[in-house]
Amino acid sequence: SDTIVYAGPLSHAKGAHLALESFARLRTTGLELLMIGGEAHHGSWAQELAQTLGVAGNVRWLGRMSAPDLARHMAEARLVLIPSHCEEPFGLTWAQALACGTPVVAARTRSLAELFGPEGDKSRGIVLRNADAGALALAADELLSEKPELAWVTGFSARARERFSLRRIDSILKSLYLGSPS
């Protein structure tokens, strides 16, 4: 499908504004941005920004959804935007995207640096040191152009699906919070 996914809270800290601003700057046309997550009443500023940027007609506000629905949208998307500048020990969005086999364009954080390897390695997506809206848009256009040097590494995608599947993450979290199964 011709969609790009942003999944996360509709907040500046998570880069929701950068997702909208970079989407507005894309050279690639005919796309729809799916804004997944957050509550409708928290996103009024984001909806106003989409209107101001002239992309409101190409943005769908899907709110929170079940893990299987999120996985379906990510698997069907052309790419997932992760513009967050928050330093998290482990962000689930990139793991979910990679487990679905969907390329990522992201702001570089410590956890992403460990997964994506050296700067300039674009085999798993594009991670940017300085992820402003213009840089995110250029990187997204580069991935969307389907250049051969940016093709997915099948082995990595399979390992990511195994390591970061929703079922495995759910099992790990349950064991952490509820204790080991007897």
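Here is a quick briefing on the fold, the sheet, the cores and a few individual residues of this chain.

The model is a predicted one. The protein chain has 182 residues, and buried residues make up 46% of them. Its secondary structure comes to eight helices and six strands, and from the N terminus the elements go β-α-β-α-β-α-β-α-β-α-β-α-α-α. If you look at contacts with a sequence separation of 6 or more, 69% of them join residues 24 or more positions apart.

- The six strands form an open sheet in the order 3-2-1-4-5-6, and the pairing is parallel.
- Going from one strand to the next, the twist averages 20 degrees.
- Strand 1 and strand 2 pair in the parallel sense over five bridges, and Tyr6 stands opposite Met35 in strand 2.
- Strand 2 is mostly covered, with four of its five residues buried.
- Strand 4 and strand 5 are also a parallel pair, held over three bridges; here Ile82 has Ala106 of strand 5 as its bridge partner.
- Helix 4 (residues 92-99) lies across strand 1, strand 4 and strand 5, and runs at about 170 degrees to strand 4.

**The nonpolar cores**

- The largest nonpolar core holds 31 residues, and Ile4 and Val105 have the most contacts inside it.
- Elements that give two or more residues to this core are strand 1 (3-7), helix 1 (16-25), strand 2 (32-36), helix 2 (44-53), strand 4 (79-82), strand 5 (104-107), strand 6 (125-128) and helix 6 (133-144).
- Helix 6 gives the most to this core, namely seven residues.
- Apart from this core lies another one, of 15 residues, which includes Ala7, Ala77, Trp94 and Ala97.
- Which residues does Ile4 contact, leaving aside neighbours within four places in sequence? They are Phe23, Leu26, Leu31, Glu32, Leu33, Leu34, Leu79, Leu81 and Leu144.

- Helix 6 has 12 residues and reaches 16 Å from its first C-alpha to its last, close to the 16 Å expected at 1.5 Å a residue.
- How many of the 12 residues of helix 6 are buried? Nine are, which leaves the helix mostly covered.
- The buried residues are Ala133, Gly134, Leu136, Ala137, Ala139, Ala140, Asp141, Leu143 and Leu144.
- What covers these buried residues includes strand 1, helix 1, strand 4, strand 5 and strand 6.
- Asp132 is found in the loop between strand 6 and helix 6. Its relative accessibility is 47%, so Asp132 counts as partly exposed, the class between 20% and 50%.
- At the start of helix 6, a side-chain oxygen of Asp132 comes to within 3.2 Å of the backbone nitrogen of Gly134.
- A polar atom of the Asp132 side chain also lies 2.7 Å from the backbone nitrogen of Ala135.
- Asp132 and Glu21 are 111 residues apart along the chain, yet their C-alpha atoms are separated by 9.0 Å.

**Two residues of helix 1**

- His17 has its place in helix 1. Is His17 buried or exposed? With a relative accessibility of 17%, His17 falls under the 20% cut-off and therefore counts as buried.
- Not counting residues up to four places away in sequence, His17 touches His12, Trp45 and Leu49.
- Ala24 is in helix 1 too. Its relative accessible area is 32%, so Ala24 is partly exposed.
- Ala24 and Ala50 are 26 residues apart in sequence, and 8.3 Å separates them in space, C-alpha to C-alpha.

How values were computed: Residues are numbered from 1 along each chain as its sequence is written. This is a predicted model: local features need pLDDT of at least 70, side-chain atom pairs count only at pLDDT 80 or more; totals for chains, interfaces and linings use all residues. Side-chain values use heavy atoms; hydrogens and water are left out. A nonpolar core is a set of buried Ala, Val, Leu, Ile, Met, Phe, Trp, Tyr and Cys residues joined through side-chain atoms within 4.5 Å. Buried means under 20% relative accessible area, exposed over 50%, partly exposed in between (1.4 Å probe, protein chains only). Contact means heavy atoms within 4.5 Å. Two strands pair if DSSP finds at least two bridges between them. Axes are lines fitted to C-alpha atoms, for helices over the stretch in contact, and angles run from 0 to 180 degrees between N-to-C directions. The expected span of a helix is 1.5 Å times one less than its number of residues. A polar contact is a pair of N or O atoms within 3.5 Å; within protein, one must be able to donate a hydrogen and the other to accept it, and residues adjacent in sequence count only if both atoms are side-chain atoms.
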